[in-house]
Amino acid sequence: MNNRSDRPSWKALDQHYSESKDIHLNDLFENDPERFSKFSIEAAGLFLDYSKNHLSAETLDFLAVLANESCLKERIADLFAGKKLNNTENRAVLHTALRNFSEQPVYVDGQDVMPAIMSVQHRMRALVESVHLGGWRGFSGKRITDIVNIGIGGSDLGPRMVVSALSRQAVQEVDVHFVSNVDGEELSQRLSKLSPETTLFVVVSKTFTTLETMTNARSAKKWLLAGYSDNAAIANHFVAVSANLKAVKAFGINPDNSFEIWDWVGGRFSLWSAVGLSIALAVGMDSFERLLKGAYLMDEHFSQSPLLENMPVILALVGIWNRNFQKASSVAVLPYDHRLSRFPAYLQQCDMESNGKSVDREGHPITVETSPVIWGEVGTNGQHAFYQSLHQGTQPVPADFIVALKSDCNLKEHHKLLVANCFAQSEALMKGKTAEEVCIELKKRGLNEREISRLVGHETFDGNRPSNTILMDRLTPEALGALIALYEHKISVQGIIWDINSFDQWGVELGKQLANVIVEEIDGGLPGRHDSSTHGLLTRYHLVQK
């Protein structure tokens, strides 16, 4: 059994929490006028303010001891060196190599992978420019005007989020769409507005066997051929991103139009690879490379900076403190930028699929809590939805506020209101409002003592609720790349400290296996041996089909 809580550093943190838990955030700020400058850090074009957390310099020192006991520095070096950190699948974890601008080799099993990466990026650029310039034509000779990315999980969430976030960089030549859900409504609604003659499908699946992706891809192929009635049209309207060239060819896609993805690239960390082809088609290859460059700058900071001067490490350690000692069960991700509306959903997979584990790297049960629930919504919409619970709910929820200081929109007054709301919400979560302050306000409103007594509890806010604020000057490709890499590394650091494998996802597999069994039973018309609930649900399904 993995008793992380038995380690001296963990026990020291437990004791430290017991001694400091009753200190209000307001007191921490009142007692230290320099708190903001002491508990903020800048790197790779991002600024992190973590001063509104229940911690002190002593807390960070205790957390640094925990990080050192976990051999964090050595494990970070192993990540960049191509060591097989994914021990259950015997794979390296090298999404950082996909954005390596150092001109230095990166080795996996003694082989430098950089030439292969550069080759794929060169082929991506050729395809993107051909589509944008009109060289790539549909089977009837018409220009491609619409791209449909067919994937799911990491083959959808990352590219979809980035295309939305970089909408200001979108090219005029094509529109990029995404289909992931096996529910036919999504695909049918999308295709109903497109023409087979001008649509190019990008099918993204490492194995080229993913049930949802291949079901959608086959239906898209039927839609295309209903318009052409010639299998030769597939070559003009389908490209693939996969490691399974045999399956790609069997589908009918020209192997020359297939882009390789390697087993050392995990799905939720894959947008930097050819999985990002739809990103490049949406914003151009130059902007895609700027995205990679921003991530590379964060990689450099992460790999070279001391632990307590390291933004991803700081964000991870604050998260450990909030999760394991403050007992926070969830984290709200609150981007104050409409273009980042998909960012919380992207982080849900990146974090919860990585660290939602209950066994350590050796398969032994873990006795401490791992990944919190990640959720959120774009501001200010969330303020009129769930912020009530953030401010006055019974369970404090740490929050990450994200905002760009400069707007790319010409409605400047809107951006001032947006920034003001972002800063005000983090301040309100921290400060709260005392009963005394409420009474003064109610008296000014002319209420009598009886009315004040009735309302004071409703309008009192405890405050003392932790948050981080992440700033960027503008939401550029570089800033977005740095932001994504920041969270990727935060997640891997937490996995190291919890001693779990952040790079496999065995919990995803069981549902897939059972779904395949049930599909066969649906086709056969009779349910097999299941629990009474599943058997009853299948029986009811068959009755409705008759």
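Mentor: Buried means under 20% relative accessible area, and exposed means over 50%. Keep in mind that this is a predicted model.

Trainee: Which residues of helix 6 are buried?

Mentor: Apply the cut-off of under 20% relative accessible area. Helix 6 covers residues 114–133. Those that pass are M114, I117, V120, Q121, M124, L127, V128, V131 and H132.

Trainee: Within what arc do the buried residues of helix 6 fall, seen down its axis?

Mentor: An α-helix has 3.6 residues a turn, so residues three or four places apart point the same way. In helix 6 the buried residues line one face, because they fall within an arc of 150 degrees.

Trainee: Which exposed residues sit on the face of helix 6 turned away from its buried side?

Mentor: Exposed calls for over 50% relative accessible area. On the face turned away from the buried side, the exposed residues are P115, H122 and L133.

Trainee: How far apart are the end C-alpha atoms of helix 6?

Mentor: Helix 6 has 20 residues.

Trainee: At what angle do the axes of helix 6 and helix 13 cross?

Mentor: Start with the contact. Q121, M124, R125 and V128 of helix 6 meet M285, D286, F288, E289 and L292 of helix 13. By class, this contact has five nonpolar, one polar and three charged residues. The two axes come within 10 Å and cross at roughly 145 degrees.

Trainee: Leaving aside neighbours within four places in sequence, what is L480 in contact with?

Mentor: In soluble globular proteins, nonpolar side chains tend to be buried together. Beyond its sequence neighbours, L480 touches M161, V162, A165, L166, L291, L340 and L475.

Trainee: How far apart in space are T59 and W321, C-alpha to C-alpha?

Mentor: T59 lies in helix 4 (residues 57–69). T59 is buried, because its relative accessible area is 1%. Its contacts beyond four places in sequence are L13, H16 and W321. T59 and W321 are 262 residues apart in sequence, but in space their C-alpha distance is 8.6 Å.

Note on methods. Residues are numbered from 1 along each chain as its sequence is written. This is a predicted model: local features need pLDDT of at least 70, side-chain atom pairs count only at pLDDT 80 or more; totals for chains, interfaces and linings use all residues. Side-chain values use heavy atoms; hydrogens and water are left out. Helices (H or I, at least four residues) and strands (E, at least two) are DSSP runs, numbered from the N terminus. The expected span of a helix is 1.5 Å times one less than its number of residues. Buried means under 20% relative accessible area, exposed over 50%, partly exposed in between (1.4 Å probe, protein chains only). The arc is that of the directions from the helix axis to the C-beta atoms. Contact means heavy atoms within 4.5 Å. Axes are lines fitted to C-alpha atoms, for helices over the stretch in contact, and angles run from 0 to 180 degrees between N-to-C directions. Ala, Val, Leu, Ile, Met, Phe, Trp, Tyr, Cys and Pro count as nonpolar, Asp, Glu, Lys and Arg as charged, and the others, Gly among them, as polar.
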